[in-house]
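Please open the model in a viewer and follow the selections below in order. Each stop states what to select and what is found there.

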Amino acid sequence: VCVCRIEPENNCHITLEAFSKTNKTLVFVGNWDKSEYGRNLKAQYGSAINIKILDPIYDLDVLYILRSHCSVYVHGHSAGGTNPSLVEAMFFGRPIIAYDVIYNRETTKNQAYYFSNVQELKALIQSDDLHGDAMMKIAKSDYTWQNISRQYCALF
């Protein structure tokens, strides 16, 4: 599963192209109709048998079901910093395949799987040896409100 704003810096094109070259199913949730980039990708990959392109979902219960039942979470963000959607995904204990930038590596403590291009992502998607246990462990130790508030209090 992949959930994000459909923007070039989230590398949606890489994710879609990689999955289109496999028999693995991708459920991709986003705001496809908000930009030419999104509309073009939706038109190009919307009829792929293994790719399910869904419009934005704001119902947290539905997102919970998607994230908790996926085999992997693909995080293509390449701009910004610690991304809330990545941290949220870590709590599900699923393997995370993240775009290879320093803040994704820092957030996941180099314990996720990383890609920089279609070929690398395709190879990871097709792997049967991906694990997500470390993601949940990191999330529970580093990204709880108690731990974060304790760090802020120590800083001040």
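**Stop 1: a helix pair**

Select I14, T15, E17, A18 and F19 in helix 1, which meet V118, L121, K122 and I125 in helix 6; contact means heavy atoms within 4.5 Å. By class, this contact comprises 6 nonpolar, 1 polar and 2 charged residues. This is a predicted model, in which local features need pLDDT of at least 70 and side-chain atom pairs pLDDT 80 or more, while totals for chains, interfaces and linings use all residues. Residues are numbered from 1 along each chain as its sequence is written, and side-chain values use heavy atoms, without hydrogens and water.

Now display helix 1 (residues 12–20) and helix 6 (residues 118–126) whole: they pack at an angle of about 55°, their axes 9 Å apart.

**Stop 2: the nonpolar cores**

Next select I6, L16, F28, L41, I97, F115 and L121, the residues with the most contacts inside the largest nonpolar core, which has 29 residues. Such a core is a set of buried Ala, Val, Leu, Ile, Met, Phe, Trp, Tyr and Cys residues joined through side-chain atoms within 4.5 Å. Helix 1 gives the largest share, 5 residues. Centre on F115, whose contacts beyond four places in sequence include I14, I97, L121 and L124. A second, separate core of 16 residues includes V3, L63, Y73 and I138.

**Stop 3: a loop residue**

Finally, select N83, in the loop between strand 4 (73–75) and helix 4 (84–90). At 15% relative accessibility, N83 counts as buried (under 20% relative accessible area, 1.4 Å probe, protein chains only). Leaving out residues up to four places away in sequence, N83 touches H75 and H77.

Notes. Axes are lines fitted to C-alpha atoms, for helices over the stretch in contact, and angles run from 0 to 180 degrees between N-to-C directions. Helices (H or I, at least four residues) and strands (E, at least two) are DSSP runs, numbered from the N terminus. Ala, Val, Leu, Ile, Met, Phe, Trp, Tyr, Cys and Pro count as nonpolar, Asp, Glu, Lys and Arg as charged, and the others, Gly among them, as polar. Buried means under 20% relative accessible area, exposed over 50%, partly exposed in between (1.4 Å probe, protein chains only).
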